[in-house]
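Biologist: I am new to this structure and would like to learn how to read it. Could we start with pockets?

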Amino acid sequence: SPPIDGPTGSDPRRLPRPFCPVPVRCGVARLQAEVAALPPEAWAPHPDGVPGNSAARLITVDGAETDAHHGEMRPTRWLEAMPYLTQVLAGFGVVWSRSRLMRLAPGVGVPPHADINHLWHTRVRLHIPVFTRPEVRFHCDGQAVHMAAGEAWIFDNWRKHHVENGAPADRIHLV
């Protein structure tokens with residue numbers, strides 16, 4: 001996730017509103033083709049054991065299959081095999097931290113939580129939906145949105161948030 005450049009209100013870790021669309025559009029077909037080509041072994045269970053939630057690690061400590069936060073962040077072999085996704089990330093012109101493709105199975109949700117650990121003191125969480133449907137809803141601080149494929153969004157992950165996948169298909173976001 002890109003670092004925050006400066007304060008956005010009284011608390012530099014907080015955004016002025018729950019959801020902020022980023023004026024960027026990505027080539028959905030190209031993203032989907034690269035993600036669909038990932039082998040099954042690219043997908044790891046969620047580190048907190050959230051059922052129906054898995055991830056393909058893209059940028060990690062030393063490019064390894066790890067969920068660690070501390071160390072030099074490098075691309076994994078999965079990201080190195082995805083030239084368009086690499087181009088999308090480079091287009092933001094920022095230093096990236098841990099990044100993943102987050103997959104949420106049909107009918108599954110991410111429970112309400114807030115991301116308040118030290119990692120988020122100087123970063124925002126960017127979401128680019130790759131595979132999604134209108135039934136997928138992202139909730140934050142009492143507001144709900146559907147993030148369409150190819151759009152880019154940041155949200156205030158210090159606020160309580162959760163996701164519901166009411167669709168009959170997997171939801172996959174670049175996060």
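Modeller: Gladly! On a 1 Å grid over the protein atoms alone, a pocket is an open set of points where a 1.4 Å probe fits, with protein on both sides within 12 Å along at least five of seven lines; lining residues have an atom within 4 Å of a point. This is a predicted model, in which local features need pLDDT of at least 70, side-chain atom pairs count only at pLDDT 80 or more, and totals for chains, interfaces and linings use all residues. Residues are numbered from 1 along each chain as its sequence is written, and side-chain values use heavy atoms, leaving out hydrogens and water.

Biologist: Which residues lie nearest the centre of the largest pocket?

Modeller: They are His46, Arg100, His113, Asp115 and Arg125, among 22 lining residues. Strand E6 (109-113) is one of the elements giving two or more residues to this lining, and E6 supplies the largest share, three residues. Strands (E) are DSSP runs of at least two residues, numbered from the N terminus.

Biologist: And what should I know about phi?

Modeller: Most residues other than glycine have a negative phi. Here, Asp62 has a positive phi of about 60°, and Asp62 sits in the loop between strand E3 (53-61) and strand E4 (73-75). Asp141 also has a positive phi, near 50°; its loop joins strand E8 (136-140) and strand E9 (143-145).

Biologist: Why does Asp141 count as partly exposed?

Modeller: Because its relative accessible area is 46%; buried means under 20%, exposed over 50%, and partly exposed in between, using a 1.4 Å probe and protein chains only.

Methods
Helices (H or I, at least four residues) and strands (E, at least two) are DSSP runs, numbered from the N terminus.
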